[in-house]
Each structure stands twice: as C-alpha cells, then as structure tokens.
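Subject: Handover of a structure and notes on its contents

Dear colleague,

Please find below the structure that I am handing over to you. My notes on what was found in it follow directly after.

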Amino acid sequence: MADSSDSEQFSDGESDGDFEVISGSSESEDEMNDVPMNANPWFRVRPPEIDYLHDQRFVENSGPQNVPAADAKPIDYFLLFLTLDFLRHIVRETNRYAQDFITSRQRIRRFSRLHSWFKVGAVTLDEMKGFISVILNMGLIRKPSITEYWNTKFQSQDTVWFRNMFSRNRFQSILKFFHIVDNTTIPNRNDDNYSPTSKFQCFVDLFNRQSKQHYIPKQNLSIDESLIASKGRSSIIQYIPSKAAKFGVKLWVLAEAVSGYICQISVYKGKQYDPTPQGMLQGAYVVNKLLDAAGLFNKAYHLFTDSFFSSINLAKELLAKGTLFTGTLRANRQMPNTIKNPVLQEKESIYIRQGRILLCAYKERNGRKPVRIISSFSKAAQENDKPAMICSYNKFMGGVDLADMMTESYNDGRKTLKVWKKVVFNLMHRMVIKCIHYL
C-alpha cells in the first residue's frame, strides 16, 4: 500500500451521499508558511452542494460618506481628496524650492525662464489650482509636447483656454519648481531612515486617508498590482513583462470590485526597502497590509485576488479575521493532489472541501491546463456549464483593472525624468476618477 502522504484514500461508501473523504495531500516546496494539511480531512463534494450559513453577515453602510451638499460644484468633490490644506502645503513647498534653487545659482542666463519668475512673483493658491487643472486637461486634450498647447500658428490646432490660464513660461516654471516636500528634511541615501518614496509618500498618505474617510466600499473587493509607466532613474522602477508599459512604479491596489473605487494603495519600493517578513509569502503580506490599513478586517468583506496572492493558508488566515476570500491557485502551491494534478475531461470539474474552505479544479476544454480556484465563501455549484465560483471570480476580480482603465483617460503619457512627479500626477488623475462615485 502506498504511503498516505502522497496517495488518496476514499471512504468505503459515500456516508452522506454527496461527499468522500480524502486523507492525503501533496505539499509544495514553494509554500513557505506550511500548516499541516491533514489536521482536518478534505471531503470530495458534488454539486449542487447544500447551503450553509456564514458566521458573519455584511452590514456596512456602503457608499459615499461626508459628502458636500447636493448642489455642490464638481470642484467641491475633488477637494474632498486634494484638500485645501494640502494645496496650501504644495504652494509653500513649491515657493520654498523655487527660492532655494534661484539662490543657489551664481548667474542666470539672459533668456532663462527664471527671469519671468521674478516678474510674476511666488505661486499663489489660485495659481496652483489653475496649474492642476491644466495638468488634468492635458490628459484630455493630448498634444505631442507642452509647447504645442500655446502654439497659435494653425487655427485648427489652437487651444485658447490654456493661454488664458497661463503664459507658457509661467506654466513651465511652476512645473519645474513643483514640490510637495522640503528637500532638506529627506534623509540621504546612506541614511538608515532613507526611503525611495520620501518625495511623494505624503501624497500617498493623503490619498489613502481621504479615500477611507469619504467612502465605505461594498462587500466585494479585489487586490491586484498596477503600474505607473516610467523609465526614469529610480530604485523603485520595476519591470513587469505582462504589462503594456513594461517599466514603471508598481502599486499594490485594493479596490471595490464593481465600481473600481480605490480604497488603499501601497507603493512597492523593491526588495531592499520593502522586504517580505520572514515566514510569509509576499502576496499574503500585501493582502494583510492593505486590508489592515483600510480597516476592513472583521467586517465580512469578500476579497478576490489572482494566483500571485492566493494560498490555502491565506484563505484560512483571512477567515480567522472575519474576511471571506476567493482566488485562483498556482499549481506549485500547497494543496491536495486531487486538485494539484486533476484528471479531467472537457467541461469537467472536481470539488473538495475542508470546513469553510472549498477547492475546485476545472478544465474548460481539451488542450488547456486546468484552472484551480479556492474560496471560503462559495459552495459547489455549476453555472452555465462551469463552476459558479469561477463565474463569481470573473465578475468581481476586475476592480483594479477598471480603475486603471478609467485613469488612462487623463494620462497624457508624457515622459519625465522626475519619477515622483509622475506618481503624484497619476494619483491626481485617480482622485478625479473617484469623484465619479459621488456625482
């Protein structure tokens, strides 16, 4: 008889008529935080599975919170996220940097734009509002270069609004000096407290804080990665071949599944500055960090993730924290051999359960690899000839992709050497998209 650690043993009969006991499991070397798989048996279940009651019910008062009056202007909604206090902070830091920069120059060239800075004076709050409106409109009205917005040579390409807002030199001067932190307070690279996100971390914190304050998400959430395209010189630039841009700043994003409303983001700083704690998978670490920062544990939220984040241990950990989970599984993760190496025909599926955790393998058609999926919410059931949990996953996994698609409407794709500015302007675009949920 084969060793029970790598074989499957079924009960002599189906005791309840709809399941079998699986006593063996296959363990993967890639699973770092191993939990004994045979502490409780895995049962083979067949659809339709009977309903069972969950320990928690979702009772959150979802939707916009602390919103302006019904007759408020669109700018009032935008200022929920980019607050007046922070705008004043940007004005102070921009003027500070401009003064420091000009003072450090021994001589200024004859035709330098800095001369126009002296003539007009320091940036005001109203100017900063106008500057941000120009940045947003440049994403909607796209031109090959910034100077083209002030080009009057061809009437058919004339954009009067931009000239009415700023002179070209004034706009480019503000863009040059735009700052949100005091450079003198940023630790040097050799300092133990140095962080590659120091120049824009306060803006990320503002984004997360205001997102949490003004919206309570509906039950279904999704977590995925997003990429802010950039090839600038920075230690946080990542290469992701599956993305269209390939290079950029990687964000971990928690979003409402249906609307794409972003609840929490975290900038990935790289292995050196953002290491995964010992004994944890990176995906599990990111999921716990985002949900904890957003304050969404123990509220019966239902999280959807792809195979990078998913594992059986993560599903159990989230269940203990009052959070439901559904996600696809990689073949090298720890799981019973019935799901790890399934023998399936076209349109065939197999289900096994351990308490609240349900695993499924499904083969859509011959010649394709089987899909493996885990859920602490779903029951074994079929929908349109495929597992219902896969249909649910397809419906609710795209929250982050939806947010990226809407943000792209404002992205002008302009290159810049300042990676931190690319991140800040991208988050401003995402703030505009958030306003859609209130109007």
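Ring pairs join Phe131, Tyr149, Trp150, Trp161, Phe162, Phe166, Phe171, Phe178, Trp420 and Phe425 into a cluster. Please bear in mind throughout that the model is predicted. The count of aromatic pairs in the structure comes to 24. One of them is formed by Tyr149 and Phe162, whose ring centres are 4.7 Å apart; the planes stand at 50 degrees, so this pair is tilted. The pair links distant parts of the chain, as Tyr149 lies in the loop between α4 (125-140) and α5 (160-165), while Phe162 lies in helix α5, 13 residues apart. Tyr149 is buried, with a relative accessible area of 0%, and Phe162 also counts as buried, at 1% relative accessibility.

A further tilted pair consists of Phe304 and Phe396, with 5.4 Å from centre to centre and 40 degrees between the planes. Phe304 belongs to strand β9 and Phe396 to helix α11 (residues 388-396), so the pair ties together parts that are 92 residues apart in sequence. Phe304 counts as buried at 0% relative accessibility. Phe396 is likewise buried, at 12%; the cut-off for this class is under 20% relative accessible area.

For Trp117, the charged end of Arg170 sits over the ring, 4.7 Å from its centre. For Tyr261, the charged end of Lys434 takes this position, 3.7 Å from the ring centre.

I turn next to the salt bridges. Side chains of opposite charge can pair when their charged atoms come close. The structure holds 12 salt bridges, and three of them are described here.

Within helix α2 (residues 84-103), Arg88 and Asp85 are 3 residues apart, and about one helical turn separates them. Arg88 forms a salt bridge with Asp85, in which the closest N and O atoms are 3.1 Å apart. Arg88 counts as partly exposed, at 37% relative accessibility, whereas Asp85 is exposed, with a relative accessible area of 58%.

Helix α2 also contains Arg96 and Glu93, again 3 residues apart, about one turn of the helix. Their side chains meet in a salt bridge with an N to O distance of 2.9 Å. Arg96 is partly exposed, with a relative accessible area of 36%, while Glu93 counts as buried at 6% relative accessibility.

In another salt bridge, the side chains of Asp274 and Lys289 meet at 3.9 Å, N to O. Asp274 lies in the loop between β8 (262-267) and α8, and Lys289 lies in helix α8, so this pair ties together parts that are 15 residues apart in sequence. Asp274 counts as buried, at 11% relative accessibility, and Lys289 as partly exposed, at 26%. As for shared partners, salt bridges join Glu93, Arg96 and Asp182 into one network.

The backbone deserves a separate note. Most residues other than glycine have a negative phi, and most peptide bonds are trans. Against this background, the peptide bond from Pro47 to Pro48 is cis, with omega near -5 degrees. Pro48 is found in the loop between β2 (42-45) and β3 (63-64).

Asn66 has a positive phi, near 55 degrees, in a residue other than glycine. Asn66 is located in the loop between β3 and α1 (74-78) and is exposed, with a relative accessible area of 54%. Asn298, which is not a glycine either, has a positive phi of about 60 degrees. The place of Asn298 is in the loop between α8 (282-294) and β9 (302-305).

Finally, I would draw your attention to Ala361 in strand β12 (residues 357-363). Is Ala361 buried or exposed? With a relative accessible area of 0%, Ala361 is buried. Leaving aside residues up to four places away in sequence, Ala361 touches Ile339, Pro342, Leu344, Glu348, Ser349, Ile350, Val371 and Arg372. Between Ala361 and Pro387 the C-alpha to C-alpha distance is 8.9 Å, at a separation of 26 residues in sequence.

With kind regards

Definitions and conventions
Residues numbered from 1 in each chain as written. Predicted model: local features only at pLDDT ≥ 70, side-chain atom pairs only at ≥ 80, totals over all residues. Heavy atoms only, no water. Helix = DSSP H or I, 4+ residues; strand = E, 2+ residues; numbered from the N terminus. Buried < 20%, exposed > 50% of the residue type's maximum accessible area, 1.4 Å probe, protein only. Contact = heavy atoms within 4.5 Å. Salt bridge = Lys/Arg side-chain N within 4 Å of Asp/Glu carboxyl O. Phe/Tyr/Trp six-rings, centres within 6.5 Å; stacked < 30°, edge-to-face > 60°. Lys NZ or Arg CZ within 6 Å of the ring centre and 35° of its normal.
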